[in-house]
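I wanted to go through the charged pairs in this one. Here is the structure I had open, followed by my notes.

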Amino acid sequence: MTNKYLILLSLLLLAVQPSFSQAVPGAGRVMFETGMTFGGEKIVRFDGLQARYLLTDRIALRAGVSLDFKRNSHADDAFSPKMGVVRLSERSDLCEFNVGAHYRLLPSSRISPYVGFEVAFGNKTASAEYTDHDIRWLDYTNTEIAASTVKVDGMWRIREDYYYDEPGNLSYSTVIYYDVDSRAYRSFRAGLLIGSDFYVTGHLYLGFELGLRFETLKYKPVEITETYDQRTSTEHLPSTTSRNFGFAANKALRLGVWF
(Lines give C-alpha, C1' and ligand atoms only; values in the text may rest on other atoms or scores of the structure.)
Protein backbone atom coordinates (compact mmCIF):
# COMPACT_ATOMS: atom_id res chain seq x y z
CA MET A 1 0.00 0.00 0.00
CA THR A 2 2.84 2.40 0.81
CA ASN A 3 4.32 1.98 -2.66
CA LYS A 4 0.93 2.68 -4.20
CA TYR A 5 0.48 5.99 -2.39
CA LEU A 6 4.05 7.08 -3.16
CA ILE A 7 3.37 6.53 -6.84
CA LEU A 8 0.11 8.50 -6.62
CA LEU A 9 1.89 11.38 -4.85
CA SER A 10 4.60 11.46 -7.52
CA LEU A 11 1.96 11.57 -10.27
CA LEU A 12 0.11 14.37 -8.50
CA LEU A 13 3.28 16.47 -8.29
CA LEU A 14 3.97 15.76 -11.94
CA ALA A 15 0.44 16.70 -12.95
CA VAL A 16 0.59 20.18 -11.40
CA GLN A 17 3.84 21.09 -13.14
CA PRO A 18 3.56 23.51 -16.05
CA SER A 19 3.35 21.75 -19.36
CA PHE A 20 2.71 22.64 -22.98
CA SER A 21 1.01 19.29 -23.49
CA GLN A 22 -2.32 19.45 -21.60
CA ALA A 23 -4.20 17.07 -23.91
CA VAL A 24 -6.95 15.06 -22.22
CA PRO A 25 -9.56 12.83 -23.90
CA GLY A 26 -12.89 14.36 -24.96
CA ALA A 27 -16.16 13.25 -26.52
CA GLY A 28 -15.86 10.29 -28.88
CA ARG A 29 -12.59 9.01 -27.40
CA VAL A 30 -12.01 5.40 -26.34
CA MET A 31 -10.01 4.39 -23.26
CA PHE A 32 -8.58 1.02 -22.19
CA GLU A 33 -7.19 0.21 -18.76
CA THR A 34 -6.07 -2.57 -16.44
CA GLY A 35 -5.38 -2.77 -12.69
CA MET A 36 -1.88 -3.03 -11.19
CA THR A 37 -1.50 -4.71 -7.79
CA PHE A 38 1.85 -4.53 -6.01
CA GLY A 39 3.42 -7.12 -3.68
CA GLY A 40 2.68 -10.79 -3.09
CA GLU A 41 4.31 -13.57 -5.07
CA LYS A 42 4.64 -11.23 -8.06
CA ILE A 43 6.11 -7.75 -7.78
CA VAL A 44 3.38 -6.39 -10.07
CA ARG A 45 0.17 -8.19 -11.04
CA PHE A 46 -2.21 -7.00 -13.76
CA ASP A 47 -5.93 -7.63 -13.08
CA GLY A 48 -8.84 -7.31 -15.48
CA LEU A 49 -9.43 -5.21 -18.56
CA GLN A 50 -11.87 -2.30 -18.85
CA ALA A 51 -12.94 -0.10 -21.75
CA ARG A 52 -14.58 3.34 -21.65
CA TYR A 53 -16.33 5.37 -24.31
CA LEU A 54 -16.72 9.12 -23.78
CA LEU A 55 -20.28 9.85 -24.86
CA THR A 56 -19.69 13.53 -24.12
CA ASP A 57 -16.82 15.45 -22.53
CA ARG A 58 -18.34 14.67 -19.12
CA ILE A 59 -20.21 11.34 -19.48
CA ALA A 60 -18.31 8.05 -19.92
CA LEU A 61 -19.80 4.61 -20.51
CA ARG A 62 -17.71 1.70 -19.19
CA ALA A 63 -17.55 -2.08 -19.47
CA GLY A 64 -14.98 -4.58 -18.29
CA VAL A 65 -14.07 -8.19 -17.78
CA SER A 66 -11.97 -9.94 -15.15
CA LEU A 67 -10.68 -13.50 -15.58
CA ASP A 68 -8.84 -15.65 -13.05
CA PHE A 69 -7.84 -19.23 -13.94
CA LYS A 70 -6.02 -21.34 -11.34
CA ARG A 71 -4.47 -24.79 -11.79
CA ASN A 72 -2.63 -26.81 -9.14
CA SER A 73 -1.25 -30.30 -9.67
CA HIS A 74 1.14 -32.68 -7.96
CA ALA A 75 1.90 -36.36 -8.41
CA ASP A 76 4.18 -38.77 -6.58
CA ASP A 77 4.96 -42.28 -7.79
CA ALA A 78 1.86 -44.49 -7.63
CA PHE A 79 3.69 -46.88 -5.26
CA SER A 80 5.13 -44.10 -3.10
CA PRO A 81 5.33 -45.00 0.61
CA LYS A 82 4.66 -41.36 1.42
CA MET A 83 1.77 -40.60 3.75
CA GLY A 84 -0.81 -37.88 3.08
CA VAL A 85 -1.68 -36.45 -0.34
CA VAL A 86 0.32 -38.18 -3.08
CA ARG A 87 -1.65 -36.84 -6.04
CA LEU A 88 -3.79 -33.77 -6.49
CA SER A 89 -5.41 -31.88 -9.34
CA GLU A 90 -7.22 -28.60 -8.58
CA ARG A 91 -8.98 -26.30 -11.02
CA SER A 92 -10.76 -22.98 -10.54
CA ASP A 93 -12.19 -20.58 -13.18
CA LEU A 94 -13.58 -17.13 -12.39
CA CYS A 95 -15.20 -14.82 -14.94
CA GLU A 96 -16.75 -11.45 -14.07
CA PHE A 97 -18.34 -8.79 -16.29
CA ASN A 98 -19.11 -5.23 -15.23
CA VAL A 99 -20.93 -2.29 -16.86
CA GLY A 100 -21.59 1.25 -15.70
CA ALA A 101 -21.15 4.95 -16.31
CA HIS A 102 -19.51 7.92 -14.63
CA TYR A 103 -19.64 11.72 -14.72
CA ARG A 104 -16.38 13.67 -15.04
CA LEU A 105 -16.25 16.68 -12.73
CA LEU A 106 -13.22 18.35 -14.40
CA PRO A 107 -13.25 17.08 -18.00
CA SER A 108 -10.43 19.35 -19.24
CA SER A 109 -8.00 18.88 -16.34
CA ARG A 110 -5.08 16.49 -16.14
CA ILE A 111 -6.38 15.58 -12.67
CA SER A 112 -9.91 14.43 -13.53
CA PRO A 113 -12.16 13.26 -10.66
CA TYR A 114 -15.50 11.57 -11.38
CA VAL A 115 -18.55 9.96 -9.74
CA GLY A 116 -20.56 7.08 -11.13
CA PHE A 117 -22.18 3.68 -10.70
CA GLU A 118 -21.43 0.13 -11.72
CA VAL A 119 -23.05 -3.31 -11.73
CA ALA A 120 -21.20 -6.62 -12.12
CA PHE A 121 -22.04 -10.27 -12.65
CA GLY A 122 -19.65 -13.13 -11.89
CA ASN A 123 -19.44 -16.90 -12.12
CA LYS A 124 -16.87 -19.16 -10.49
CA THR A 125 -16.38 -22.91 -10.89
CA ALA A 126 -14.11 -25.17 -8.84
CA SER A 127 -13.25 -28.86 -8.85
CA ALA A 128 -10.52 -31.10 -7.46
CA GLU A 129 -9.34 -34.70 -7.21
CA TYR A 130 -7.01 -36.09 -4.54
CA THR A 131 -5.31 -39.41 -3.91
CA ASP A 132 -4.43 -39.99 -0.24
CA HIS A 133 -2.21 -42.54 1.48
CA ASP A 134 -3.20 -43.49 5.02
CA ILE A 135 -2.21 -46.20 7.48
CA ARG A 136 -4.67 -49.08 7.84
CA TRP A 137 -4.32 -51.49 10.74
CA LEU A 138 -4.43 -55.17 9.75
CA ASP A 139 -4.23 -56.37 13.35
CA TYR A 140 -2.79 -55.14 16.65
CA THR A 141 0.77 -55.00 15.31
CA ASN A 142 0.70 -54.90 11.51
CA THR A 143 -0.26 -52.05 9.20
CA GLU A 144 -0.34 -51.25 5.50
CA ILE A 145 -0.63 -48.13 3.40
CA ALA A 146 -4.14 -47.79 1.98
CA ALA A 147 -5.00 -45.46 -0.91
CA SER A 148 -8.24 -43.51 -1.27
CA THR A 149 -9.51 -41.13 -3.95
CA VAL A 150 -11.54 -38.01 -3.20
CA LYS A 151 -13.33 -36.02 -5.91
CA VAL A 152 -14.77 -32.63 -5.02
CA ASP A 153 -17.11 -30.69 -7.30
CA GLY A 154 -17.61 -27.11 -6.12
CA MET A 155 -14.57 -26.28 -3.96
CA TRP A 156 -11.08 -27.37 -2.90
CA ARG A 157 -9.91 -29.40 0.08
CA ILE A 158 -7.11 -28.78 2.56
CA ARG A 159 -5.38 -31.64 4.37
CA GLU A 160 -2.86 -31.24 7.19
CA ASP A 161 -0.85 -34.20 8.55
CA TYR A 162 0.84 -34.12 11.94
CA TYR A 163 3.51 -36.60 13.01
CA TYR A 164 4.42 -37.41 16.61
CA ASP A 165 7.75 -39.13 17.22
CA GLU A 166 7.80 -40.24 20.84
CA PRO A 167 10.24 -42.78 22.30
CA GLY A 168 9.04 -46.17 21.18
CA ASN A 169 5.92 -44.78 19.56
CA LEU A 170 5.57 -43.12 16.13
CA SER A 171 2.07 -41.86 15.42
CA TYR A 172 0.32 -39.30 13.28
CA SER A 173 -3.01 -37.54 12.94
CA THR A 174 -4.82 -35.89 10.04
CA VAL A 175 -7.03 -32.80 9.84
CA ILE A 176 -9.16 -32.36 6.71
CA TYR A 177 -11.33 -29.33 5.96
CA TYR A 178 -12.66 -27.53 2.91
CA ASP A 179 -11.50 -24.12 1.72
CA VAL A 180 -14.46 -21.70 1.73
CA ASP A 181 -12.50 -19.13 -0.29
CA SER A 182 -12.22 -21.62 -3.15
CA ARG A 183 -15.95 -22.42 -3.30
CA ALA A 184 -17.83 -21.99 -6.59
CA TYR A 185 -20.46 -19.25 -6.75
CA ARG A 186 -22.51 -16.83 -8.80
CA SER A 187 -22.32 -13.17 -7.85
CA PHE A 188 -24.06 -9.86 -8.37
CA ARG A 189 -22.60 -6.51 -7.33
CA ALA A 190 -23.89 -2.95 -7.58
CA GLY A 191 -22.46 0.24 -6.20
CA LEU A 192 -21.72 3.94 -6.32
CA LEU A 193 -18.14 4.95 -6.97
CA ILE A 194 -15.82 7.92 -6.87
CA GLY A 195 -12.41 8.03 -8.49
CA SER A 196 -9.90 10.10 -10.36
CA ASP A 197 -7.74 9.85 -13.45
CA PHE A 198 -4.23 11.33 -13.67
CA TYR A 199 -3.21 12.10 -17.27
CA VAL A 200 0.52 11.66 -16.91
CA THR A 201 1.86 12.28 -20.39
CA GLY A 202 0.74 11.82 -23.95
CA HIS A 203 -2.09 9.26 -24.05
CA LEU A 204 -1.13 7.54 -20.78
CA TYR A 205 -3.11 7.84 -17.54
CA LEU A 206 -3.37 6.28 -14.08
CA GLY A 207 -6.09 6.36 -11.46
CA PHE A 208 -7.89 4.92 -8.45
CA GLU A 209 -11.47 4.19 -7.32
CA LEU A 210 -13.48 3.65 -4.14
CA GLY A 211 -17.15 3.72 -3.15
CA LEU A 212 -20.18 2.03 -1.57
CA ARG A 213 -21.03 -1.51 -2.70
CA PHE A 214 -23.76 -4.11 -2.29
CA GLU A 215 -22.77 -7.66 -3.16
CA THR A 216 -24.56 -10.98 -3.05
CA LEU A 217 -22.82 -14.34 -3.47
CA LYS A 218 -24.80 -17.51 -4.08
CA TYR A 219 -22.49 -20.43 -3.32
CA LYS A 220 -23.13 -23.47 -5.49
CA PRO A 221 -23.87 -26.95 -4.04
CA VAL A 222 -20.79 -29.09 -3.35
CA GLU A 223 -20.49 -32.82 -3.97
CA ILE A 224 -17.70 -34.82 -2.28
CA THR A 225 -17.17 -38.40 -3.46
CA GLU A 226 -14.66 -40.67 -1.68
CA THR A 227 -13.60 -44.10 -2.93
CA TYR A 228 -11.83 -46.35 -0.43
CA ASP A 229 -11.28 -50.11 -0.54
CA GLN A 230 -13.68 -50.38 -3.52
CA ARG A 231 -16.42 -48.62 -1.54
CA THR A 232 -17.79 -45.21 -2.51
CA SER A 233 -19.47 -42.65 -0.30
CA THR A 234 -20.91 -39.27 -1.31
CA GLU A 235 -21.54 -36.15 0.76
CA HIS A 236 -23.46 -33.05 -0.34
CA LEU A 237 -23.19 -29.48 0.93
CA PRO A 238 -26.24 -27.34 0.10
CA SER A 239 -26.22 -23.99 -1.66
CA THR A 240 -25.94 -20.93 0.60
CA THR A 241 -26.20 -17.17 0.06
CA SER A 242 -24.06 -14.36 1.47
CA ARG A 243 -24.89 -10.63 1.26
CA ASN A 244 -22.63 -7.69 2.09
CA PHE A 245 -22.96 -3.91 2.01
CA GLY A 246 -20.34 -1.33 2.83
CA PHE A 247 -17.39 0.79 1.83
CA ALA A 248 -15.01 -0.74 -0.71
CA ALA A 249 -11.72 0.48 -2.13
CA ASN A 250 -10.11 -0.88 -5.27
CA LYS A 251 -6.62 -1.83 -4.12
CA ALA A 252 -5.34 -1.85 -7.69
CA LEU A 253 -3.75 1.22 -9.26
CA ARG A 254 -5.29 1.59 -12.72
CA LEU A 255 -3.08 2.00 -15.78
CA GLY A 256 -4.61 3.01 -19.10
CA VAL A 257 -4.28 4.55 -22.52
CA TRP A 258 -6.74 6.57 -24.60
CA PHE A 259 -7.21 7.08 -28.33
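I started with aspartate 197, which forms a salt bridge with arginine 52, the closest N and O atoms being 2.7 Å apart. (A salt bridge is a side-chain nitrogen of Lys or Arg within 4 Å of a carboxyl oxygen of Asp or Glu.) This pair links distant parts of the chain: aspartate 197 sits in strand β9 (residues 185-201) and arginine 52 in strand β2 (residues 44-54), 145 residues apart. Strands here are DSSP runs (E, at least two residues), numbered from the N terminus.

A note on what I'm looking at: this is a predicted model, where local features need pLDDT of at least 70 and side-chain atom pairs count only at pLDDT 80 or more, while totals for chains, interfaces and linings use all residues. Residues are numbered from 1 along each chain as its sequence is written, and side-chain values use heavy atoms, with hydrogens and water left out.

Next I looked up arginine 254, whose side chain also meets aspartate 197 in a salt bridge (3.0 Å, N to O). Arginine 254 is in strand β14 (residues 253-258), 57 residues from aspartate 197 in strand β9.

Are these residues buried or exposed? Arginine 254 counts as buried because its relative accessibility is 4%, and aspartate 197 does so at 1%. (Buried means under 20% relative accessible area, exposed over 50%, partly exposed in between, with a 1.4 Å probe and protein chains only.) Arginine 52 is buried too.

Then I checked aspartate 132 and arginine 159, which pair at 3.4 Å, N to O. Both are buried.

For the tally, I noted 12 salt bridges in the structure.

Technical notes
Helix = DSSP H or I, 4+ residues; strand = E, 2+ residues; numbered from the N terminus.
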